[in-house]
Amino acid sequence: MERILVTGGTGYIGSHTIIELYKKGYEIDVLDNLFNSKITVLDKIKEICGKKPGFYKIDLCDFDAMNDLFKKNKYDLVMHFAGLKAVGESVEKPLKYYENNVGGTINLLKCMQENGVNKIIFSSSATVYGDQSVSKFDETLQTGVGITNPYGETKHIIEEMLKDVAESDPKFEAVILRYFNPVGNHPSGLLGEDPNDIPNNLMPIIMKVSRGEIAELSVYGDDYPTEDGSGVRDYIHVVDLAKGHVAAIEHMKPGVLIYNLGTGKGTSVFEMIAAFEEAGKKKLPYKVVGRRAGDLAEMYADPTKAKEELGWETELTVGDAMRDTIRYLNSL
Ligand code: WQD
């Protein structure tokens with residue numbers, strides 16, 4: 001049976017992906033430094049799947065520790081989720097992001113090369129498209145132009161590294177998955193987005209407002225050229241996103257494959273607030289403030305390529321994500 005090393009496997013997307021990997025019978029180890037996640041996630045995974053991954057508390061920047069892990073375990077594939085992802089923090093502390101995300105991935109790729117592991121699936125982001133003159137993004141668009149933050153730059157640099165490694169090694173197989181906006185939680189209510197850091201993203205902030213940890217949501221602008229004036233994004237349920245990773249494994253081949261993972265539908269901030277209020281049956285306090293620097297008005301995926309080549313498309317809606325989020329909040 002294939003053995004997979006999941007870096008960042010105690011995180012939000014990594015943990016949900018492990019659930020789907022177990023369904024397909026893969027064996028799993030997790031490498032994580034627990035900087036922005038909790039080890040108790042592994043117990044939740046066991047409660048859901050009946051199996052618990054092996055766990056190694058290792059930092060991507062610790063080459064020797066990571067190489068020792070690869071020497072002692074024969075992995076068939078790496079799923080690489082580990083990385084810092086707070087856009088705002090990346091602007092304040094760019095070197096921390098380049099060292100951790102880019103430097104850490106260089107260490108990972110060197111460990112893979114030195115130990116004969118030739119397959120990687122990389123957790124990338126639609127942020128690599130930067131600011132383009134379109135709202136609907138497909139994989140033919142140029143990347144790396146007009147990226148507004150170091151976080152996005154690190155994702156772009158890692159994508160370029162993977163392409164260069166594939167050029168240098170005909171045995172190397174990589175799939176780059178560009179996420180749009182992951183939301184929602186496992187329907188069991190046991191797993192959820194529960195970052196240790198101060199969240200940047202809309203949904204974890206909405207969750208903190210609903211728990212009273214933040215007084216009200218600040219809506220960053222209602223004067224965008226969109227239907228209701230608020231920003232529009234492509235919110236993809238994390239379970240659909242996780243299934244996209246399984247589909248990717250099943251279609252790997254030498255070289256680099258690149259896919260957008262999104263619903264193909266745009267949803268505004270005001271629509272997200274309304275959907276959360278509908279699911280939770282209570283009002284969410286918010287106020288409209290100025291636009292956030294670097295924000296695009298509208299951004300959603302063209303998911304055609306993933307459907308045609310991976311046979312994957314989203315099945316869940318924003319409404320499903322809100323209901324799963326409420327269930328998770330009620331379990332806390
Ligand atoms: C969504 C919308 C905001 C917070 C992120 C990053 C990165 C990526 C996901 C993985 C926008 C509005 C937000 C708030 C608000 N993840 N908003 N008030 O901006 O699409 O970017 O995408 O790579 O984390 O690139 O996501 O959740 O920050 O914002 O009004 O307090 O919600 O203006 O329109 P975004 P987001």
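1. Does Cys49 count as buried, partly exposed or exposed? At 25% relative accessibility, Cys49 counts as partly exposed, a class lying between buried (under 20% relative accessible area) and exposed (over 50%), with a 1.4 Å probe and protein chains only.

2. The model is predicted, so that local features need pLDDT of at least 70 and side-chain atom pairs count only at pLDDT 80 or more, while totals for chains, interfaces and linings use all residues. Residues are numbered from 1 along each chain as its sequence is written, and side-chain values use heavy atoms, leaving out hydrogens and water.

3. The structure holds 0 disulfides, a disulfide being a pair of cysteine sulfur atoms within 2.5 Å. The sulfur of Cys61 has its closest cysteine sulfur in Cys111, 12 Å away and too far for a bond; Cys61 is partly exposed, at 38% relative accessible area.

4. Helix 5 (residues 94-114) and helix 6 (residues 150-168) pack at about 20 degrees with axes 9 Å apart, and are therefore roughly parallel (angles under 35 degrees). Their contact (heavy atoms within 4.5 Å) includes Tyr97 and Leu109 of helix 5 and Ile157 and Met161 of helix 6, and its residues divide into 13 nonpolar, 4 polar and 1 charged.

5. The axes of helix 1 (residues 12-23) and helix 8 (residues 238-249) come within 8 Å and cross at roughly 60 degrees, and these helices are therefore oblique to each other, the class left once roughly parallel, roughly antiparallel (over 145 degrees) and roughly perpendicular (65 to 115) are set aside. Among the residues in contact are His16 and Glu20 of helix 1 and Lys243 and His245 of helix 8.

Definitions and conventions: Axes are lines fitted to C-alpha atoms, for helices over the stretch in contact, and angles run from 0 to 180 degrees between N-to-C directions. Helices (H or I, at least four residues) and strands (E, at least two) are DSSP runs, numbered from the N terminus. Ala, Val, Leu, Ile, Met, Phe, Trp, Tyr, Cys and Pro count as nonpolar, Asp, Glu, Lys and Arg as charged, and the others, Gly among them, as polar.
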